[in-house]
Structure formats: structure tokens, C-alpha cells
Amino acid sequence: MIEKEDIPFLPRGVRLHFDKVRDQWVLLAPERAVTLDQVGQAILSELDGIRSFGTITEDLASRYNAPAEEIAKDTGGFLGALLDRRFLELRQ
């Protein structure tokens, strides 16, 4: 589970990339790729390795005029799945 003060970041070798051939965003890692929808891309584009999970979810809630609790739940689930698959790391 990701806590508010955790700082999510993409580890070395993992990057967000726009695939011009497929006309969509993908998350690339060595020998792996994940196709992203607009929500996934919006979340990952907020990761800068500096801001905490709490700050990121507050910013997303403000930008999309959505309840912060709902954004935190959805974002936490998405990032938690990436963490489990080692596409993401956390700094505390």
C-alpha cells in the first residue's frame, strides 16, 4: 500500500514513451511494455521523483475536479499494481 508521504518514481530503465506507430502512450521497461490509457498516462506524467503520493493525488483531484479520496484510491491501485510488477519504486 502506498502512503501519502511516499514518493513514487520510475526506476532506471523504465520510462513513459509515446509510441507514434500505435498513436498511444506506453510504459517501457527492459523486455516489457504496458499500453496506457489516458488515466494511466495522466497519473504517470505527474511522477517526478520529488513530490509525494499525497501531493500528486491532490493535484490530480484539483485538475480534474474530482474527490481527492476517490483519486487517491484509484491512483493508489494503479501505482500499486505497477509497484508489484517492478515498473515503479517508492522513496520515503
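Where is asparagine 65 found? Asparagine 65 is in the loop between α2 and α3.

## About the model

This is a predicted model, where local features need pLDDT of at least 70, side-chain atom pairs count only at pLDDT 80 or more, and totals for chains, interfaces and linings use all residues. Residues are numbered from 1 along each chain as its sequence is written, and side-chain values use heavy atoms, with hydrogens and water left out.

## Two helices that pack

Two packed helices are described by the angle between their axes and the distance between the axes. Helix α2 covers residues 53–64, and helix α3 covers residues 68–84. They pack at an angle of about 125°, with axes 9 Å apart. That makes α2 oblique to α3 (angles under 35 degrees count as roughly parallel, over 145 as roughly antiparallel, 65 to 115 as roughly perpendicular and the rest as oblique).

From α2, the contact (heavy atoms within 4.5 Å) uses Phe53, Thr57, Leu60 and Ala61. From α3 come Ala68, Ile71, Ala72, Thr75, Gly76 and Leu79. By class, the contact has seven nonpolar, three polar and no charged residues. Here Ala, Val, Leu, Ile, Met, Phe, Trp, Tyr, Cys and Pro count as nonpolar, Asp, Glu, Lys and Arg as charged, and the others, Gly among them, as polar.

Asparagine 65 has a positive phi of about 50°, although it is not a glycine. At 74% relative accessibility, asparagine 65 counts as exposed (buried is under 20% relative accessible area, exposed over 50%, partly exposed in between, with a 1.4 Å probe and protein chains only).

Glutamate 31 sits in the loop between β3 (24–29) and β4 (32–35). Its phi is positive, near 60°, and glutamate 31 is not a glycine. Glutamate 31 counts as exposed, at 85% relative accessibility.

Terms used. Axes fitted to C-alpha atoms, helices over the stretch in contact; angles between N-to-C directions. Helix = DSSP H or I, 4+ residues; strand = E, 2+ residues; numbered from the N terminus.
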